[in-house]
Amino acid sequence: MDKELRVIISGGGTGGHIFPAVSIANAVKALRPGAKILFVGARGRMEMQRVPAAGYEIKGLPIRGLYRPLWKPANVMVAIDYVRSTWMARSILKQFRPDVAVGVGGYASSATLAAAHAQGIPCLVQEQNSYAGLTNKRLATKAQKFCVAYEGMERFFPADKIMLTGNPVRQSLLQVTLSREDAISSFGLDPSRKTILLVGGSLGARTINESVLLHLDLVKSADVQFIWQTGKFYSAEISQRLAGQQLPNLKVTDFITDMGAAYRAADLVISRAGAGSISEFCLLGKPVILVPSPNVAEDHQTKNALALANKDAALYVKDAEAPAMLLQLAIDTVNDAAKLQSLSANVLKLALPDSAEIIAKEVIKLAQK
């Protein structure tokens, strides 16, 4: 009988880290139902709610990111918290006794995997982006395996330890049985019209929101319709700015709970260029206009977007140029059947299916070593 498998999974900070982490955990449990899985995250970050909601236990570390520029005095306390977090991670590992540690990026995985390496626990890193984050780059000499979503990652990690697996995505997105017509109707819109979905992540994206608000005349006159996720942070302000407007072809919501239905309804998506979202577009074959956020470490979203745009698998609009041109480009594109078909075919070629299961098998393999 197999020994009970014990796995630590660490990381978080954004949905882009949490969704893959939970998907990997679910895939490990599917292969080894008796496995014990413990998450380690950063206190106060969204993983502390999202992971328990997915059915897993999580421990929080008092770890946080560095302030820019790096010589800011506040970074003294950040460094002290990092040392505290490393000691706490060591204690968590000694109590839980994992066979393997998995890092998905984000502050917490830096301390956790450094502590795991020091204790001789094999480590696997999952890097979602085409440009490795600081946390994962620091683990380049410590981990035994690097599961990546893009080619050319030898720049950051030892070539003999890299495995191209893709990014795990929310399984619910791949299991949608709704027809396009029913999906559109569920948003109270007209199934006979082309539909554009605008999403800026769970918190929203100011640039994408402004790109709509500045061109409500285009929204009114266009023979297309829009599903617009504003993000909870911007919801109240946008409600005020839309007060009194008659826009029957614009469905506005602060948060979309059923993203599977939203993707199914959409003929074209406008989105930030987070690695997790891009993996979803690839697997679903969704035509997309990517507007990378400029407010992320090492501008990795631009690198993600260009990886697709250079293969004609997505359209790319710079954040600074979006307010002027994004909405008109989207309307022109959604009405160009040949362009939509080409984007869909090209993005589908980049899909790497079954990522979570492939990574889970590597996790189990490492544990058995």
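**A close look at the core**

A: Let's start with the largest nonpolar core, which has 59 residues; Phe157, Leu197 and Leu290 are the ones with the most contacts inside it. Bear in mind that this is a predicted model.

Leaving out residues up to four places away in sequence, Phe157 touches Glu127, Ala132, Asn136, Lys137, Ala140, Phe146, Val148 and Ile162. There's also a second, separate core of 32 residues, with Val224, Val291, Ala330 and Leu340 among its members.

Back to Phe157 and one of its contacts, Asn136. Asn136 sits in helix H5, which covers residues 134-138. Is Asn136 buried or exposed? With a relative accessibility of 3%, Asn136 counts as buried, because the cut-off for that is under 20%. Besides Phe157, Asn136 touches Gly105, Ser109, Val125, Gln126 and Glu127, again not counting residues up to four places away in sequence.

Strand S6 (residues 145-148) pairs with S7 in the parallel sense, over 3 bridges. Step back and you get an open sheet of 7 strands, paired in parallel and ordered S3-S2-S1-S4-S5-S6-S7. The edges belong to S3 (57-61) and S7 (162-164); each has a single partner strand, so one side of each is left without a neighbour in the sheet. From one strand to the next, the twist averages 20 degrees. Helix H3 (residues 75-96) packs on the sheet, touching S1 (6-10), S2 (36-42) and S3, and the direction of H3 makes about 155 degrees with that of S3.

Now for the cysteines. How many disulfides does the structure hold? The count is 0. Cys147 is buried, with a relative accessible area of 0%, and the closest cysteine sulfur to its own, in Cys123, is 13 Å away, which is too far for a bond. Cys282 is in no disulfide either: the nearest cysteine sulfur is that of Cys147, 18 Å away. Cys282 is buried as well, at a relative accessible area of 7%.

Methods. Residues numbered from 1 in each chain as written. Predicted model: local features only at pLDDT ≥ 70, side-chain atom pairs only at ≥ 80, totals over all residues. Heavy atoms only, no water. Pairing = 2+ DSSP bridges. Helix = DSSP H or I, 4+ residues; strand = E, 2+ residues; numbered from the N terminus. Axes fitted to C-alpha atoms, helices over the stretch in contact; angles between N-to-C directions. Contact = heavy atoms within 4.5 Å. Disulfide = S-S within 2.5 Å. Buried < 20%, exposed > 50% of the residue type's maximum accessible area, 1.4 Å probe, protein only. Core = buried A, V, L, I, M, F, W, Y, C linked by side-chain atoms within 4.5 Å.
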